[in-house]
Amino acid sequence: MVLCPVIRKLVSKRVVLASASPRRQEILSSAGLRFEVVPSRFKETLDKASFSVPYEYAMETAKQKALEVANRMNVKDFRPPDVVIGADTIVTVDGLILEKPTDKQDAYNMLSRLNGKVHSVFTGVTIVHCSSKGNQLETEVFKFYEETKVKFSDLSEELLWEYIHSGEPMDKAGGYGIQALGGMLVEYVHGDFLNVVGFPLNHFCKKLVELYYPPPKDAIHHVKHDSIPSVETFEVLSDEELGSSTQRNSNVKLQGDNAFSSGAPGSLGKKEIHQDTMGEPVVKCSGDMESLTKFPSTLVELLDGFKASKAMFVACKLKVFDLLKGKAHLKAKDVADHISASVCGTERLLDSCTALQLLKKTNQGYSNTGLAEKYLVSDSEYSLHGYIMHANDHVWPLFTHLESAVKEGTNQNHRAFGKNVQDLFQDSYYHSMETKLRFMNAMHSIMKLTARDVATAFDLSRFRSACDLGGCTGTLAQVLIQEYPNLKVTVFDLPDVIENVSGFQPTGQDTSRITFTSGDFFKDNIPEADLYILSRVLHDWPDDKIDALLSKISDLCTPGSGLLLNEMVLDDKNRNRSAWLQSLNMLVQTEGKERSSYEYRCLLEQHGFRNVKIVQTGSLLDTILCTKC
Ligand SMILES: Cc1cn([C@@H]2O[C@H](COP(=O)(O)OP(=O)(O)OP(=O)(O)O)[C@@H](O)[C@H]2O)c(=O)[nH]c1=O
């Protein structure tokens with residue numbers, strides 16, 4: 001409870017963790033922090049010799065990781081993050097800095113150095129405060145580090161190799177994970193255990209106190225700055241954070257939203273803060289119904305969610321954004337004439353889109369916002385028009401039968417479209433030319449938006465040939481050959497798809513390293529490659545089909561071959577809202593499902609893949625890389 005007010009300081013902010021480390025994500029989310037994960041692309045190649053002490057190196061790397069993400073997210077028309085957190089963990093021994101091992105031999109060299117000795121683990125952390133002035137990013141950087149000493153027992157060669165073969169060392173600084181099997185190597189720890197795991201939570205909270213609870217000038221110092229704030233600290237919370245001033249009185253201090261609940265800032269219930277018998281502050285919700293019903297803004301947003309979606313869908317379908325593309329302004333009547341619709345209906349639609357910030361309205365009429373111009377105009381580079389049409393024409397009717405899907409546990413194609421679907425693709429997505437092109441357009445547009453993140457989440461330069469199974473229009477293949485000059489990619493998809501891909505090919509770009517091959521990956525031979533890719537494929541199918549497909553791929557792989565899965569990964573803290581809603585989506589339309597990182601890891605290991613690494617890209621697809629052992 002005592003942590004609540006510290007973490008709460010970040011609750012109304014857009015917080016981004018610039019780290020792919022699952023441990024850091026786990027530590028921070030367990031502390032109740034709500035954040036997005038956007039792994040940094042900063043390559044950890046700073047010259048170690050130029051730092052007089054190792055922790056300076058860790059802090060500088062952490063800073064560069066966070067700044068890279070802050071800069072990348074400072075995109076016109078997007079809300080930039082308020083806070084970006086970066087971290088870097090290193091192990092030091094004998095004057096050397098050890099990071100993550102490059103291979104098993106490197107892991108062995110590291111662990112042999114640590115064997116029987118005391119070493120230090122440093123984690124450098126950077127908190128970047130961001131603000132955007134006229135598209136210019138302004139940052140304020142706060143850095144700190146934590147040191148923990150760890151002693152390894154005397155370990156036999158046999159034990160070291162056994163540990164290395166477990167695969168655990170590969171993504172961990174110093175080549176061990178104290179939180180798992182590596183804990184068996186450790187005789188003692190002096191200092192913060194979580195610092196070794198990858199994030200010094202206690203020091204981080206103290207830093208938040210320092211940043212957000214500065215001692216009030218000319219006041220008695222209630223806050224001890226090397227500790228987490230005591231109950232007096234609540235006095236320095238602003239009115240906004242406390243809820244309305246009328247809720248305050250001098251004896252009982254009331255707070256607004258719970259740090260650990262979701263939703264917009266406001267006063268969803270009130271809480272009394274007082275001390276328990278141990279002197280610890282305790283936060284209790286009062287049962288005051290009036291305050292509970294005051295601002296249920298989260299619920300109001302959910303109540304309106306479907307109306308907002310449909311307004312955008314309809315405006316897209318009627319090509320409102322296309323009509324306004326590049327134009328200064330049009331009056332409602334002119335728009336209505338062009339789209340052959342009623343003036344009164346059009347006016348309401350345009351006004352709703354204005355309220356949704358998709359349009360701007362002035363005395364001269366309506367025009368597109370930058371967001372609409374970039375993503376809703378049907379022929380813009382990163383248009384989501386195709387995906388939105390799929391959502392409107394296919395997903396929407398299915399979702400109207402969600403209740404039946406939940407009760408029956410099956411998809412609702414029969415109710416929504418009046419027919420039973422045996423083969424999802426042939427009977428549903430590809431049953432007519434119109435539905436086929438609509439589906440291809442949808443996949444094309446969503447891949448355009450996510451392909452760069454997916455292609456660069458891991459370094460894939462060791463692979464020479466890739467086969468993108470179900471690669472549709474080749475959007476990911478296109479980005480892969482740009483990122484990896486030595487890679488050739490085969491896009492393998494159903495004949496129905498391959499014969500229609502030409503309309504989706506980019507003009508003026510070299511596509512000579514991409515081959516399109518038609519076939520059914522369940523029935524036909526799959527082309528040979530050293531990297532297989534499955535993007536949004538596994539989630540479509542029932543378990544038996546997935547097993548068949550993964551077995552087939554695994555049999556084709558030689559040791560060292562890779563498998564890259566791109567899916568939305570469910571997180572056990574329910575933070576990734578899109579992924580959980582996508583999970584319902586799979587229920588209403590397929591026989592498949594979304595999975596957690598644990599489920600993917602088990603699935604892949606069952607089929608002979610190891611070294612499973614998962615990156616939550618922060619965009620609409622997460623990515624998983626594993627190696628055939
Ligand atoms: C000593 C130790 C380290 N680690 C992990 O080692 C990675 C360090 O590498 P990094 O470069 O700091 O981070 P990363 O994983 O590459 O992620 P990113 O922040 O994106 O650079 C982090 O994962 C840590 O948890 C453990 O899980 N357990 C341990 O006992």
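Strand 3 gives the most residues to the shell around the ligand, four of them. The model is predicted: local features need pLDDT of at least 70, side-chain atom pairs count only at pLDDT 80 or more, and totals for chains, interfaces and linings use all residues. Residues are numbered from 1 along each chain as its sequence is written. Helices (H or I, at least four residues) and strands (E, at least two) are DSSP runs, numbered from the N terminus.

The ligand is surrounded by 26 residues, and the closest are Ser19, Ser21, Arg23, Ile178 and Gly198.

Helix 10 covers residues 297-317. A kink of about 45° is centred on Asp304 in this helix; the bend is the angle between axes fitted to the seven residues ending at a residue and the seven starting there. After helix 10 comes Lys319, with a positive phi near 60°.

In helix 24 (residues 597-606), Tyr600, Leu603 and Leu604 are buried, meaning that 20 or more other C-beta atoms lie within 10 Å of a residue's own, whereas 12 or fewer make a residue exposed and counts in between partly exposed, with C-beta atoms placed from the backbone. These three lie on the same side of helix 24 because they cover an arc of only 95° around the axis, taken from the directions from the helix axis to the C-beta atoms. The face turned away from the buried side carries the exposed residues Tyr598 and Gln606. Just after helix 24, Gly608 has a positive phi of about 85°.

Terms used
A residue is near a molecule or strand if its C-beta atom, placed from the backbone, lies within 6 Å of it. The expected span of a helix is 1.5 Å times one less than its number of residues.
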